[in-house]
Amino acid sequence: MVFGQVVIGPPGSRKTTYCNGMSQFLSLVGRKVAVINLDPANDSLPNECAVNIEDLIRLSDVMMEYSLGPNGGLVYCMDYLEKNIDWLQSKLELLLKVGSFHMQLTAVHLVDVHLCSDPGKYVSALLLSLSTMLHLELPHNHGKLGVVLSVALLLVCLV
């Protein structure tokens with residue numbers, strides 16, 4: 001059985017830090033761990049990823065080639081990944097070494113701390129998190145850092 005966390009949140013919400021810490025912790029307790037980076041804008045990863053979207057497409061290249069801003073570039077990158085989903089499936093197949101992609105996943109939605117101090121912003125963050133949970137159709141864990149959905153890192157714990 002393969003277990004994993006889909007870690008989401010806005011830029012600067014410490015998704016990379018969370019994944020790095022969780023990866024170290026799981027390794028220390030004897031679990032096999034693979035970090036999968038699905039954020040084409042993340043170019044400063046602290047350690048090697050088992051699968052990195054930057055091997056397929058980079059946000060900086062898209063922005064320069066098509067004269068797009070960061071938001072348009074991210075939309076283009078996600079569209080490109082969708083059109084080349086076989087690339088991701090083949091990478092995951094090699095990584096998981098199993099016949100099927102049966103995984104138990106949960107989403108970790110990081111929420112910025114400053115949103116927890118104001119009741120209106122807090123409710124807004126909860127509603128965004130609920131909306132994200134419904135769209136992803138995954139069990140959801142609410143963290144204290146991050147709010148806006150941005151595809152980030154997928155942390156997979158191989159058992």
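Trainee: What share of the contacts in the protein between residues at least 6 apart in sequence join residues at least 24 apart?

Mentor: That share is 70%. Keep in mind that we are looking at a predicted model. A pair counts as a contact here when heavy atoms lie within 4.5 Å.

Trainee: Which elements does the protein have, and in what order do they run?

Mentor: The protein has 5 helices and 6 strands. Starting at the N terminus, the order is β-α-β-β-α-α-α-β-α-β-β.

Trainee: What makes the pair His-109 and Ser-129 a polar contact?

Mentor: The limit for such a pair of N or O atoms is 3.5 Å, and one atom must be able to donate a hydrogen while the other accepts it. The side chains of His-109 and Ser-129 make their polar contact at 3.0 Å, a value within 3.5 Å.

Trainee: How do you know that Arg-58 and Glu-54 form a salt bridge?

Mentor: The test asks for a side-chain nitrogen of Lys or Arg within 4 Å of a carboxyl oxygen of Asp or Glu. For Arg-58 and Glu-54 the closest N and O atoms are 3.4 Å apart, so the pair passes the test.

Trainee: Are the two partners buried or exposed, and why?

Mentor: Glu-54 has a relative accessibility of 12%, so it counts as buried. Arg-58 has 38%, so it counts as partly exposed.

Trainee: How many salt bridges does a search of the whole structure find?

Mentor: The search finds 2. Lys-83 counts as exposed because its relative accessibility is 64%, while Asp-79, at 35%, is partly exposed.

Trainee: What makes the phi of Arg-14 worth a look?

Mentor: Most residues other than glycine have a negative phi. Arg-14 is not a glycine, yet its phi is positive, near 75°. Arg-14 sits in the loop between strand 1 (2-8) and helix 1 (15-28). Its relative accessibility is 53%, so Arg-14 counts as exposed.

Trainee: And what is the phi of Ser-67?

Mentor: Ser-67 has a positive phi too, about 55°, and is not a glycine either. Look for Ser-67 in the loop between helix 2 (59-66) and helix 3 (70-83). With 66% relative accessibility, Ser-67 counts as exposed.

Trainee: Last one: why does Leu-134 count as exposed?

Mentor: Exposed means over 50% relative accessible area. Leu-134 has 58%, so it counts as exposed. Leu-134 belongs to helix 5, residues 119-136.

Definitions and conventions: Residues are numbered from 1 along each chain as its sequence is written. This is a predicted model: local features need pLDDT of at least 70, side-chain atom pairs count only at pLDDT 80 or more; totals for chains, interfaces and linings use all residues. Side-chain values use heavy atoms; hydrogens and water are left out. Helices (H or I, at least four residues) and strands (E, at least two) are DSSP runs, numbered from the N terminus. Buried means under 20% relative accessible area, exposed over 50%, partly exposed in between (1.4 Å probe, protein chains only).
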